[in-house]
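Subject: Structure handover

Hello,

Here is the structure for your files. Notes on what was found in it follow below.

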Amino acid sequence: MLRGQVSLEEESQNPPTAGHWKPLMPSKGDKEEPEGGCQDAGGVHEPQSTEQLNVSRLRSSSVEIREKGSEFLRDELHKAQKELKLKDKECERLSKVREQLEQELEELTASLFEEAHKMVREANTKQAAAEKQLREARGKIDMLQAEVTALKTLVITSTPSSPNRELHPQLQSPSKGGFRKGHGRNKSTSSAMVSAASQNVAPEPVSRECREVDSILFAEFQAWKESPTLDKSCSFLDRIYREDVGPCLDFTKQELSELVRVAVEQNTLTIEPVASQAVPVGKVAAEECGGPNGFRSQIVTKCALSGLPRTCKHRIMLGDSGNYYYISPSCRARITAVCNFFTYIRYIQQGLVRQDVELMYWEVMRLRREMSLAKLGFYPSEM
């Protein structure tokens, strides 16, 4: 009885699911069941119907659970597929980013290597140029030291009563000159002149000439003297370049003239006489590009600067090129006049000339006059 009551209470609390109602009419197999079985609550068939009801309920619940579970799994599967697609897209994007980064890294590495090689080449080039400049500077220092020593010797041996003729070119008489590298002149003299100079014969008196200081030129020279420089942008040197140096070194062969001007400014020009040693006949016809490397006394050839056939007693070399250019006496006089001017202003710049400003000014004017005369074609016969 207690079990039947519990079943009835559960049945009242949990009504049967639709489609699973307990059959009210007896089936064909239940026709012969006596009616007394339904009236007897404690009979045998009552527990069996309760169990069947419970089984049917369990079956319906399991079916419902399976349906809900399958629906839930389908939803989860759909979500998982969406997430998988998103992750595939993300992986594809990341792989593209990785490939792009690898390509950029490779390009950057190549550019860095190229830049490093370029820097190494530039460093080697600069080092070679610096070493070359150092060698040239050391050579110039040695040459300047030799010039300073020679100039000191000349200054020491010069006194007002007995001036040194090498230190004062305006008092210099023709004498035998030897070869000197740089801006130098070589004068040929006779034995009579040498013997006269050895006997200390007084030079013939030179007629005095009147002169007057130009205020503009003197002011420019004084301004330059305060801070000597070889920069031709200053008014003093700019005027001399325009009026004297430029016209004096303006030859027919413009390209070679420019090279000569640069060599004179850099003090790398060499003038030497053509010695008396004979040369083969094949080397007689000297051309502008240097002429023969041998020597002979007087070569009648084409002047490298004027382009005219002249008797060339001297030749020039620009720097250490090793190429010689045969020049006529007139061209030599013009080059020598400019070289003398630059030598003197270099001495002033280096502080080797200790004279009154006016005396230095008149020496500069004298050198300018020599350039003007040489440009006009006047030159000493010993040229």
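The model is predicted, so local features need pLDDT of at least 70 and side-chain atom pairs count only at pLDDT 80 or more, while totals for chains, interfaces and linings use all residues. Residues are numbered from 1 along each chain as its sequence is written, and side-chain values use heavy atoms, with hydrogens and water left out.

E243 belongs to helix α6 (residues 235–248); helices are DSSP runs of H or I, at least four residues, numbered from the N terminus. With a relative accessible area of 38%, E243 is partly exposed (buried is under 20%, exposed over 50%, partly exposed in between; 1.4 Å probe, protein chains only). Its C-alpha atom is separated by 8.5 Å from that of S372, 129 residues apart along the chain.

E363 sits in helix α9 (residues 357–376). This residue is buried, because its relative accessible area is 10%. The E363 side chain makes a polar contact of 2.6 Å with the side chain of R366.

D75 is in helix α3 (residues 45–156) and counts as partly exposed, at 41% relative accessibility.

Regards

Note on methods: Helix = DSSP H or I, 4+ residues; strand = E, 2+ residues; numbered from the N terminus. Polar contact = N/O pair within 3.5 Å; in protein donor to acceptor, adjacent residues only side chain to side chain.
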